[in-house]
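Hi,

Here is the structure I promised to pass on to you. Have a look at it first, and then read my notes below.

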Amino acid sequence: MNNNIKLNENTYWIGKVDDRDVPFHRLVLTKGTTYNSYLLKTKKPTVIDTVDISFGREYVENLKTLIDPMEIEYIVINHSEPDHSGGLGSLAAQAKNATIVCTEPAEYELKEMYKLHKRNFLIVKDGDKLDIGGKTLRFFETPYLHTEETMITYCEEDKILYPCDIFSTHIANYDYFNDLAKEDIDEDFSVYYSLIMHPHRTYVQKMINKIKDMDIDIIAPSHGYILREDAKKYINMYDMLSRNTDLSKKALILYSTMTSNTKKIAGKIKEYLENLDIATDIMDTSKVSKEEAIEAIKDADAIFLGSSTRYGDMIGNIEDTLKELKNIDLEGKVGVAFGSYGWSGESIEIIQDYLKATNMKVLSTSDLIKSTGRIDIEFPIRVRFSLNNEQEEKRVERSIEYVSSILLNNK
């Protein structure tokens, strides 16, 4: 580790360059990566993020050449994934007086991961400020970029944004800053966005809205190059890459219902889809013919099929339509099963089985976890009885936002 890398007079890069072929999210980073951590040597010395867990001990030993860990007053953790927070266990053992700063969801994770149940935590929310002795940090929650607990940190006096995974590149380099790079980094920047951030594109837009009025001179992310030249350019790239560029997509919601609970879910799905610029038709199978339903399916880009559950089975005539799906070419379409239930909800799983027998892309929790790491979304969409609280509605809304990320501006 090189401890002479300065962002300004009293802000240091204290990270680790990992120039191996790095296993990462079932990929191999053939260009390696960097784990960027930062030390602000103010009157209340503060560390922002750490390094991968593999390098925790080395990280702390190098940090000691700059500061006695006992002097550190705050450790800011923007994201609890071990490639960012991994050095926290080693650092906290040495920085015994430090308060750990994070979001509420991160507190539980960090305590469990690093056995920090007896440590002092400062939980921050959107817009909260922290005086670290001559500098002011502001915090903004950026959930699902790319996990629920993520936040970004902005130093007002330095005009430096510490955005964690956002605006990163996976490149092992000893140039550190984009203006010193020996080659154009734009392609690596875009590839990182596509692989890590694009599945969460609706949340990228929410993040852009939070930072658009900030005066940002430097973007200091958790991986790859520190962007001290033309930081605005990279913000604009994220803005452009995450915008809806295909407004011609259509969705169809086809359902059968018993007590109107599934009908209400279908209505919410339609509302969320239309808010995301996806034209949506909705059909009750008891009111349309099988032929009408099939023609609508052929015309849609995303098909939501739902049913209530009665005695472990679907209700109404929706199965007549489902039986026809295997005889239709549905390649390129997205399929989602949904429904309400009171006990175990077998009908929703039966619909999922019918969808899997086709050649469409069928969304499932298992595939979602493996491709994005998200555990806050469920496919099929299952609602017990009815959408009767804000938390359940938010869960369904997040699922629909994910579907939109596949349909709109899909790469």
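Cys-164 sits in the loop that runs between β15 (160-162) and α5 (186-197); helices here are DSSP runs of H or I with at least four residues, strands are runs of E with at least two, and both are numbered from the N terminus. Its phi is near 60°, which is positive although the residue is not a glycine. With a relative accessibility of 1%, Cys-164 is buried (under 20% relative accessible area; exposed is over 50% and partly exposed is in between, with a 1.4 Å probe and protein chains only).

Before I go on, a word on the basis: this is a predicted model, where local features need pLDDT of at least 70 and side-chain atom pairs count only at pLDDT 80 or more, while totals for chains, interfaces and linings use all residues. Residues are numbered from 1 along each chain as its sequence is written, and side-chain values use heavy atoms, leaving out hydrogens and water.

Phe-385 also has a positive phi, about 65°, without being a glycine. Phe-385 lies in the loop between β22 and α13 and is partly exposed, at 44% relative accessible area.

Two cis peptide bonds are worth a look. One joins Leu-145 and His-146, with omega about 5°, and His-146 belongs to the loop between β13 (136-141) and β14 (151-155). Another runs from Phe-379 to Pro-380, with omega near 0°; Pro-380 is in the loop between α12 (365-372) and β22 (381-384).

Lastly, a helix pair: the axes of α6 (residues 201-211) and α13 (residues 390-407) come within 8 Å and cross at roughly 100° (axes are lines fitted to C-alpha atoms, for helices over the stretch in contact, and angles run from 0 to 180 degrees between N-to-C directions). The two are therefore roughly perpendicular, a label for angles of 65 to 115 degrees. In α6, Arg-201, Thr-202, Tyr-203 and Lys-206 meet Arg-398, Glu-401, Ser-404 and Ser-405 of α13, where contact means heavy atoms within 4.5 Å.

Best wishes

Conventions: Angles under 35 degrees count as roughly parallel, over 145 as roughly antiparallel, 65 to 115 as roughly perpendicular and the rest as oblique.
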